[in-house]
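Subject: Structure handover

Hello,

Here is the structure, with the sequence alongside. My notes on what was found follow below it.

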Amino acid sequence: MRRFALPAVAVAGVLLLSACSKDTNDGGRPVPVGGESGTTTSSTPSAPSTAPSSEPPATTAPATTAKPTAPTAKQVIVQPGNFASNPAVQGLVTSYPLYFQALVTKDDTILKKQFPSFFYADVSQGIQDAKRNGWVMKPPGSVVVVGAKSTPDNTVAVQTCRSQTTQYWDPKARNWTVVTPKGSPEVIEMIKTGIGWMPYRLATSKGVNCASVRYPA
């Protein structure tokens, strides 16, 4: 029995040495990280996990552009000329359209509410006469500033020339109420108020010559 035990032990030792020798010689082969020996990796990206949507892409409606509106025609054009930098003349250019509107509509309400009382008193009678007699004034009108002078009353007398069309037409007489082919002079004294320069009163137009004035409308 003893002579058979030794060879068995020797055989087991030989097998153990053989296994250790095999592992030592095979250590140079790389093993993928996180995987088992023999697995391979691919550089090709994987296909998306979700299938493409079958709905068509949303389309954006083209932007619509609004049609440009035509500028509103002015009822009256006030041309300041060489006096445009004068604050009193600037006030006249701003306020005259309201004055002209009252003449055209033959309604002095706006003058009574927004203009100094002296100026309202000077022009309201003429508006009432136009309403009573059926006189007509149609725009456009033209006013040209031909002078601006300071007065002892701390006002500025702005000298203007009004075109023939800036007058009333008398349908009964079939003529202008003021027959002035070259335009008629009008002097308006401007006064500085809390809201700026406003027409204060009408002044004498003596000495104002409109013979060579050219009107913008």
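**Aromatic residues**

Phe-115 is buried, at a relative accessible area of 7%, where buried means under 20%, exposed over 50% and partly exposed in between, with a 1.4 Å probe and protein chains only. Phe-119 is buried too, at 0%. The ring centres of Phe-115 and Phe-119 are 5.6 Å apart and their planes are at 25°, so this pair is stacked. For the terms: rings of Phe, Tyr and Trp (its six-membered ring) pair if their centres lie within 6.5 Å, and planes under 30 degrees apart count as stacked, over 60 as edge-to-face and the rest as tilted.

The rings of Trp-135 and Tyr-168 have centres 6.2 Å apart and planes at 40°, so this pair is tilted. Trp-135 and Tyr-168 are both buried. Over the whole structure, the search finds six aromatic pairs. One aromatic cluster is formed by Tyr-96, Tyr-99, Phe-115 and Phe-119.

**How to read the model**

This is a predicted model, in which local features need pLDDT of at least 70 and side-chain atom pairs count only at pLDDT 80 or more, while totals for chains, interfaces and linings use all residues. Residues are numbered from 1 along each chain as its sequence is written, and side-chain values use heavy atoms, with hydrogens and water left out.

**Overall layout**

The protein has four helices and seven strands; helices (H or I, at least four residues) and strands (E, at least two) are DSSP runs, numbered from the N terminus. Starting at the N terminus, the order of elements is α-β-α-α-α-β-β-β-β-β-β. Of its 217 residues, 28% count as buried. Among contacts (heavy atoms within 4.5 Å) with a separation of 6 or more, 60% are between residues 24 or more positions apart. The accessible surface comes to about 15400 Å², and 57% of this belongs to carbon and sulfur atoms. The areas come from the Shrake-Rupley method with a 1.4 Å probe, and for residues only the protein chains shown count as cover.

**The largest pocket**

The largest pocket has a volume of about 360 Å³. A pocket here is an open set of points on a 1 Å grid over the protein atoms alone, where a 1.4 Å probe fits, with protein on both sides within 12 Å along at least five of seven lines; lining residues have an atom within 4 Å of a point. Grid points are joined across faces, edges and corners, and the volume is the space filled by probe spheres set on the points.

The lining has 22 residues, and Tyr-99, Arg-162, Gln-167, Val-178 and Glu-186 lie nearest the centre of the pocket. At least two lining residues come from each of α2 (87–105), α4 (117–133), β6 (184–193) and β7 (196–203). Helix α4 gives the largest share, five residues. By type, the lining has 12 nonpolar, six polar and four charged residues; Ala, Val, Leu, Ile, Met, Phe, Trp, Tyr, Cys and Pro count as nonpolar, Asp, Glu, Lys and Arg as charged, and the others, Gly among them, as polar.

Ser-142 is in strand β2 and is buried, with a relative accessible area of 0%. Leaving out residues up to four places away in sequence, Ser-142 touches several residues, including Val-76, Ile-77, Arg-162 and Tyr-215. Gln-159 is in strand β3 and is buried at 17%. With the sequence neighbours up to four places away left out, the residues that Gln-159 touches include Val-144, Lys-149, Glu-186 and Val-208.

**Backbone points and exposed residues**

The peptide bond from Pro-139 to Pro-140 is cis, with omega near 10°. Pro-140 is in the loop between α4 and β2.

Lys-106 has phi near 55°, a positive value in a residue other than glycine, and is found in the loop between α2 and α3 (109–114). Arg-132, in helix α4, is 26 residues from Lys-106 in sequence and 9.7 Å from Lys-106 in space, C-alpha to C-alpha. Arg-132 is exposed, with a relative accessible area of 57%.

Phi of Arg-174 is also positive, near 55°. Arg-174 is in the loop between β4 and β5 (175–176) and is exposed, at 66%.

Regards
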